[in-house]
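Me: I'd like to go through this model and ask what stands behind the labels. Here it is.

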Amino acid sequence: MNSKIIKVGIIAILIMSMAACTNSTKPTAKVAIEQIQQDAVAMDFIKAKFENVVSLKVNTQPIQGNQALVVADMTYDNGDALVSGEVVINYEWNKKEWKAVNAQFSYKSVKVKNEAKEKDVLDAAVEIETINTRYQANAYSQSAVLISKELDLDNGIANYFVSKKSSEDGWNAETTYKISAKYDYVKGWEFRIVDWSYWETMDWTGTWQIVWGNEANETQYTPKEEMIVTITGEIGITNNMADVENEKRTINVSFKRDKSPYEIPVTISNDYKKDKLYSTRFINVKYGNQANDMFNLELRFEESSSNTTSKIVAKSFDGNFGVVTKIK
């Protein structure tokens, strides 16, 4: 055989082999829908809570060389909600198949199957520092109660209204919360207090006996002096998240001292404002022209390591205490 013919044949075979090798590095097909779906849900935050893909629509899939960029709309079921968003996956053609290099998910919307658990909502009604400091509303145990709710599960949002109440010896207080809930497709329901309001009242109505003590520094009341005090009306305070505080006073006190009758209005005592404490539990009776012509009636909360107790006392201008007993 002619050597020239043999060389030509070998060269032809080499050229065909090289062409075949070159063609084998080029993608032979687009990325399959099944693979896109599998790679999309393999992202850690989806895989951690995933049941199935509800829908997948590929919007674009441009291929350039051995690279492909898949952009798709996907809705998946995470068990609690149907989560919708855009999936972007970078692919590389390697060993005659597409391999996902990286992927990202851009959240768009969510449709939640069920509202938040009531316990989680109630736990979100945490104590308000202002209320506890100024009014001691948490001195006694409070139970949170769900009052009402506004649900928009199609958009994964809700508003809850929760109440906490306190009551002791004629004193009543209530804090009402507005809690905004939003469903996060990774973390689940998240809560935020967006508003709160507070009110308290003290029922002082009745007839009380005050017996003053025997204190050496007392400048107004004689040892063991007795006073009969009759109280009518009510006294209340409201406050809110904007720290707008209002008082309602329709309370009056009548009594006799040194044969002089008094029928006078009552105000809330300012004695503890320096301690940021201001409550309907502390009322002030000012009945004369002298500075010490006054006394307080106080429902005091006394905390110990084991419990909280309450008692009503009278306090003079000089800071001395009298024993208070309700007659009727």
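Me: Before we start, what should I keep in mind about the model and its numbering?
Reply: It's a predicted model, so local features need pLDDT of at least 70, side-chain atom pairs count only at pLDDT 80 or more, and totals for chains, interfaces and linings use all residues. Residues are numbered from 1 along each chain as its sequence is written, and side-chain values use heavy atoms, with hydrogens and water left out.

Me: Why is Lys-95 called exposed?
Reply: Lys-95 has a relative accessible area of 76%, and exposed means over 50% (buried is under 20%, partly exposed in between; 1.4 Å probe, protein chains only). So Lys-95 counts as exposed. It sits in the loop between β4 (81-94) and β5 (97-112), and its phi is near 55°, positive although the residue isn't glycine.

Me: And what makes Lys-224 exposed?
Reply: Its relative accessible area is 57%, so Lys-224 gets the label too. You'll find Lys-224 in the loop between β10 (206-212) and β11 (226-232), with a positive phi near 65°.

Me: How do you know that β12 and β13 pair?
Reply: Pairing takes at least two DSSP bridges between two strands, strands being DSSP runs of E with at least two residues, numbered from the N terminus. β12 (residues 235-240) and β13 have four, in the antiparallel sense, so they pass. Ile-237 has Glu-247 of β13 as its bridge partner, while Gly-236 stands opposite Lys-248. The two strands form a hairpin with five residues between them, and Asp-243 in the turn has a positive phi of about 60°.

Me: What makes β6 and β13 the edge strands?
Reply: The open sheet has six strands in the order β6-β7-β8-β9-β12-β13, with antiparallel pairing. β6 (144-152) and β13 (246-249) each pair on one side only. Further in, β9 and β12 pair over six bridges, and Ser-197 stands opposite Asn-240 in β12.

Me: Which residues line the largest pocket, and why are six of them called charged?
Reply: There are 13 lining residues, with Asp-80, Glu-115, Ala-116, Lys-117 and Trp-189 nearest the centre. Asp, Glu, Lys and Arg count as charged; Ala, Val, Leu, Ile, Met, Phe, Trp, Tyr, Cys and Pro as nonpolar; the others, Gly among them, as polar. The lining divides into five nonpolar, two polar and six charged residues. Strand β9 (residues 188-202) gives the largest share, three residues.

Notes
1 Å grid on protein atoms, 1.4 Å probe; cavity = no way out; pocket = protein on both sides within 12 Å on 5 of 7 lines; lining within 4 Å.
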